[in-house]
Amino acid sequence: MPFVIHGLPVSHGIAIGRAHLVSHALLEVDHLLIAPRHVEAEVIRLEDAAAKVRFELRALREASANVQSEVSAFVDLHTMLLDDPMLVSTACKLIRERRCNAEWALVQQMELIVDDFDNIDDPYLRERKADVIQVVERVLKALLGHPGHVTTRRGKDDGLDSIVVAHDLSPADTIHFKDSQVAGFVTDVGGATSHTAIVARSLGIPAVVGLRHIRHIARDDDIIIIDGARGVAIIDPDERVLEEYRLRRSAIELERTKLKRLKANRAATLDGIEISLQANIELPRDIPGVKDVYADGVGLFRTEFLFMNRDTLPNEEEQFEAYKAVAKAMGGKPVTIRTLDIGADKNLNSGGPRPETNPALGLRAIRYCLAEPQMFLTQLRALLRASLHGKIKILIPMLAHAHEVDASLAAIEQAKAQLRAEKIKFDEAIPVGGMIEIPAAALALGIFVKRLDFLSIGTNDLIQYTLAIDRTDEAVAHLYDPLHPAILRLISATIQAGIKAEIPVSVCGEMAGDKSFTRLLLGMGLQQFSMHPTQILEVKQEILRSNSADLALKVAKILKLEEPDKIREAVEKL
């Protein structure tokens, strides 16, 4: 009998193969006392291991030069973490002070760093602790003389590739899968925003994570089916199920080939409504992936990744160069740059973390920027200077109050006045918009449409705050529901308020990139979507097959429904 396990879908596609179980590199190391005369040799052993990992990462970057930018992003981050004095250098200091072995010193320092990451509210940034752990695991492997990545092999001689089954995997392992006999992978832990998941999506490797106990349930050479869209792993399927999934896999491969033909097509509905499909990015290096799918612009540039994993804040010149690079690369297409969206639960000025009872409701995003006016002013000056090199728009995150908008606009005016005094040119009419991601903002839109040039709905936080659900908490994640009637009404009301006020409204959360919601959002009147570049073609196909006028009538009826099952059924019928 087939055994079905449900997890988190992180990379779509169907994979069929034989299970290849890989062991998890345990971070439980022995604590040894080193003789005084051997202490320096132990320090050198750790430094040599770090140098070996640095060489491996450099080689990985060169080998992946033609792959999506997500690969270089994680390699650069891992290299940065490896070079951070807080990791290896501090561990070397601990070896000297405590006369301990390199493995134990490294793990002790890692645990201190990971504790800081646990306090971060933003799920994407919080999951960066996995990158710290993966870097330490690579160094431990080098210390112990183990291979630097997961090794794979073909199982029984039946032509089936491998399905890697692991407790967890690093993005480096995922990259190696692309050129091996690995059809896909499943893990006990992980999240949709981990670098492993991001790399899997960019390489088109089907994957399901968060399956909890699959490493203990599956056995080597078991046949496993991965359904990356539904987040399902099927162990030991019968022939009927196998044949069904082989047919579905063939259909998906054919569909992907067809999608590539849509790259140059304008996104327009059957009744002629032009839709703007833009991309979410984190760093300038993401631009090639944006241009590859002919995106209509950058709908969300998350600037916090310029600030993370460093001891000092990026200065005005560094930020200016990053923003200018994106603006110029997009060749006149709009680039919406969000100001720093991070909580004070992780102090950016290399001090200790600021303790908060509830970081999700604390000093974060625009609240933090307004509390640090000099840092905010530096970013705004850099943004304004870069606006001379492209069509830049400024986006303010996590607005809830009119005075936050007024204070933000005043800070922008201050930055403009300084640049004028210095005779530095910029776009005097640069558009300024706000994120609608707090229910209070969605319910009091009047104060925002009067003051701002555009709105952007952050569905991830809007859902989380409206339903009081932390979607990274496994105990309540199942209650995270984009189709809750309250969520749909808040999104629809925001879009309609924008239409009435004649200001653009976009959706830049995960709902924008999920094709199962495309027609729902079109029916609400949405005309601008922003998503991960790899999702654009699927969403474009849905748009090309849709009639917005017909959808508006159907969605109006859906918005009146109260029962979740009826709403879900009606959305599926769209």
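Begin by selecting Tyr 294, which is partly exposed with a relative accessible area of 47%; on this scale, buried means under 20% relative accessible area, exposed means over 50%, and partly exposed is in between, calculated with a 1.4 Å probe and for protein chains only. Tyr 294 sits in the loop between α11 (287-292) and β10 (298-302), where helices (H or I, at least four residues) and strands (E, at least two) are DSSP runs numbered from the N terminus. If you display its backbone angles, you will find a positive phi of about 55°, although Tyr 294 is not a glycine.

Before you go further, note that this is a predicted model, in which local features need pLDDT of at least 70 and side-chain atom pairs count only at pLDDT 80 or more, whereas totals for chains, interfaces and linings use all residues. Residues are numbered from 1 along each chain as its sequence is written, and side-chain values use heavy atoms, with hydrogens and water left out.

Next, select Glu 502, in the loop between α19 (485-501) and β15 (505-507). Is Glu 502 buried or exposed? Glu 502 counts as exposed because its relative accessible area is 72%, and its phi is near 60°, a positive value in a residue other than glycine.

Now turn to Trp 104 in helix α4 (residues 102-118), which counts as buried because its relative accessible area is 12%. Show the residues around Trp 104 and, not counting those up to four places away in sequence, you will see that it touches Val 29, Asp 30, His 31, Leu 94 and Arg 98, contact here meaning heavy atoms within 4.5 Å. Trp 104 and Val 29 are 75 residues apart in sequence, yet their C-alpha atoms are 5.9 Å apart in space.

The following stop is Arg 248, which you will find in helix α10 (residues 239-259) and which is partly exposed, at 23% relative accessibility. Which side chains make polar contacts with the side chain of Arg 248? One belongs to Asp 227, at 3.0 Å, and another belongs to Tyr 245, at 3.3 Å; a polar contact is a pair of N or O atoms within 3.5 Å, and within protein one atom must be able to donate a hydrogen and the other to accept it, while residues adjacent in sequence count only if both atoms are side-chain atoms. Leaving aside neighbours within four places in sequence, Arg 248 is in contact with Ile 14, Asp 227 and Arg 230.

Move on to Arg 338 in strand β11 (residues 334-338), a buried residue with a relative accessible area of 6%. Its side chain is joined to that of Asp 341 by a polar contact of 3.4 Å. Beyond its neighbours within four places in sequence, Arg 338 is in contact with several residues, among them Leu 300, Phe 301, Gln 379, Leu 395 and Met 435.

Select helix α12 (residues 316-329) together with α14, and you will see them pack at an angle of about 35° with their axes 8 Å apart; axes are lines fitted to C-alpha atoms, for helices over the stretch in contact, and angles run from 0 to 180 degrees between N-to-C directions.

Finally, select Ser 387, in the loop between α14 (373-386) and β12 (391-396), where Ser 387 is buried with a relative accessible area of 4%. The side chain of Ser 387 reaches the backbone oxygen of Leu 384 at 2.4 Å, and a polar atom of that side chain lies 2.9 Å from the backbone nitrogen of Asp 427. Setting aside neighbours within four places in sequence, Ser 387 is in contact with Ile 392, Phe 426, Asp 427 and Ile 430.
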